[in-house]
Amino acid sequence: MRAYERLLKYARIYTTSDEASQTIPSTKRQLNLADALAVEMKELGISRVRVDENGYVYGEIPATAGYENVPAIGFIAHMDTAPDFCGENVHPVVIEHYDGKDVVLGESGRILAVKDFPHLSELKGRTLITSDGTTLLGADDKAGIAEILTMAEEILKAKQNESPGDVQNSAFPHGKICLGFTPDEEIGRGPDAFDVAGFGAEFAYTVDGGAENEVEYENFNAAAVEVEIRGFSVHPGSSKNTMINAALVAMEFNGMLPSGDTPRDTEGYEGFYHLHGISGDVSEAKLEYIVRDHSQAMYECRLETLRHIEKLLNEKYGEGTVKLTIREQYRNMREQIEGCMHLIDNAKKAVCTAGLEPMTVPIRGGTDGARLSFMGLPCPNLGTGGYAFHGPYEHITVEGMDSVVCVLKEIVRLYSEVK
């Protein structure tokens, strides 16, 4: 089975995570995919397949005889889809021989337009997969799962055609390959209950990025921030020097942030404050931000700016008017990866072998690998071949997914040479 065929199957399983939930996984629906993956993995002949009590899926392909001392390499992807947009009742659309022009997304009224996504013209001639415009597609990160299991299937099929014990003529000798699929990555909790020791890998890659030639080992330092504002509501006709309008204080708080430090106005290594939720009235208001920066020093500066605004507004309106809650989510994995750059070197070699030009870009977000790297499992990130994640314009190509499978297999082969 090709990787895209798996994606079409997985995309139809509803797995959106829920940040408001305190359970692991945050939604029981993710277990539907976990259980289906476990069945499929067993059918493929993957060993030690298990779904643990938290919904994490694990399995491994044992090392070829004589290659037990080769570094064990892991591959990880996540099962949940982002709560930013509807992930239920997904109906993927397959467009063969894509003409490189605008695509009308079903009857949704939305258009996947070249002016918004200029790379579309470069995908001309490929087989394009989109949503119907009413949901996201779920290639983030079901494409990663599909590519990892397709790699596993192709390696296992190669082994099945070999003569028992004929290591010298093995078509694909390799060390132990560890597979892991996580819940709740989209809400920053993917590694919360990940069994690093039980996973069994010395190093790993998440397959959770964009273009098929991406190799990533730098990501944002990240925090989720909640600003709660308590107003003082009195009749507007007699409120002189008395009323504290919580909604206006919320606007004042946001107005004190640098106006150009937003996702729309930043790129590359530039950080931002992203206001993704606002609600309230005169009595109460709430602001919800995510704060991001690649530089640890700038990240700390951004958090200090928020604390300073809290202080100023409380001095102006009275202590307790503004309450700031900061929850750190993940750190830049670069400081962990720099000690094992062979992971990046080998990934680049693998991309070249697949006939592509490696592209190393800073991740303007995070992956499970960011936190796993700080948990003792160095874990950079690879592309899936997908674009425009977290919304109705998400898309991917069949050919891009095939290339990723080739990259994963080549990484395994390269590490088999380390004996």
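The model is a predicted one, so to speak of local features takes a pLDDT of at least 70 and side-chain atom pairs count only at pLDDT 80 or more, while totals for chains, interfaces and linings use all residues. Residues are numbered from 1 along each chain as its sequence is written, and side-chain values use heavy atoms, with hydrogens and water left out.

So what does Glu 310 touch, leaving aside residues up to four places away in sequence? The list is Phe 253, Val 322, Lys 323 and Leu 324, with contact meaning heavy atoms within 4.5 Å. A polar atom of the Glu 310 side chain also lies 3.0 Å from the backbone nitrogen of Leu 324. Glu 310 itself belongs to helix α6 (residues 296-317); helices (H or I, at least four residues) and strands (E, at least two) are DSSP runs, numbered from the N terminus.

Helix α6 lies across β11, β12, β13 and β14, at about 165° to β14. Angles run from 0 to 180 degrees between N-to-C directions, with axes fitted to C-alpha atoms, for helices over the stretch in contact. Helix α5 (residues 246-255) lies across β11 (221-230), β12, β13 and β14 too, but runs at about 15° to β13.

Those 4 strands form an open sheet in the order β12-β13-β11-β14, with antiparallel pairing; two strands pair if DSSP finds at least two bridges between them. β12 (272-280) and β14 (322-330) stand at the edges with a single partner strand each, so one side of each has no neighbour in the sheet. From one strand to the next, the twist averages 15°. A hairpin takes the chain from β12 to β13 through 3 residues. These two strands, β12 and β13 (residues 284-293), pair in the antiparallel sense over 8 bridges, and Gly 280 has Ala 285 in β13 as its bridge partner.

Now for the other open sheet: 7 strands, in the order β1-β2-β8-β3-β9-β15-β10, with mixed pairing. Its edge strands are β1 (47-51) and β10 (215-216), each pairing on one side only. Is β8 mostly covered or exposed? It is mostly covered, with 6 of its 6 residues buried. Side chains in a regular strand alternate between the two faces of the sheet. In β8, Ile 177, Leu 179 and Phe 181 are buried on one side, and Cys 178, Gly 180 and Thr 182 are buried on the other.

β8 pairs with β2 in the antiparallel sense over 5 bridges, and Gly 59 has Leu 179 as its bridge partner there. With β3, β8 runs parallel, joined by 6 bridges, and Phe 75 stands opposite Leu 179. Phe 75 also stands opposite Tyr 205 in β9, where 4 bridges join β3 (residues 73-78) to the parallel strand β9 (residues 203-209). Helix α3 (residues 139-160) packs on this sheet, touching β2, β3, β8, β9 and β15 (381-383), and its direction makes about 145° with that of β3.

How values were computed: A polar contact is a pair of N or O atoms within 3.5 Å; within protein, one must be able to donate a hydrogen and the other to accept it, and residues adjacent in sequence count only if both atoms are side-chain atoms. Buried means under 20% relative accessible area, exposed over 50%, partly exposed in between (1.4 Å probe, protein chains only).
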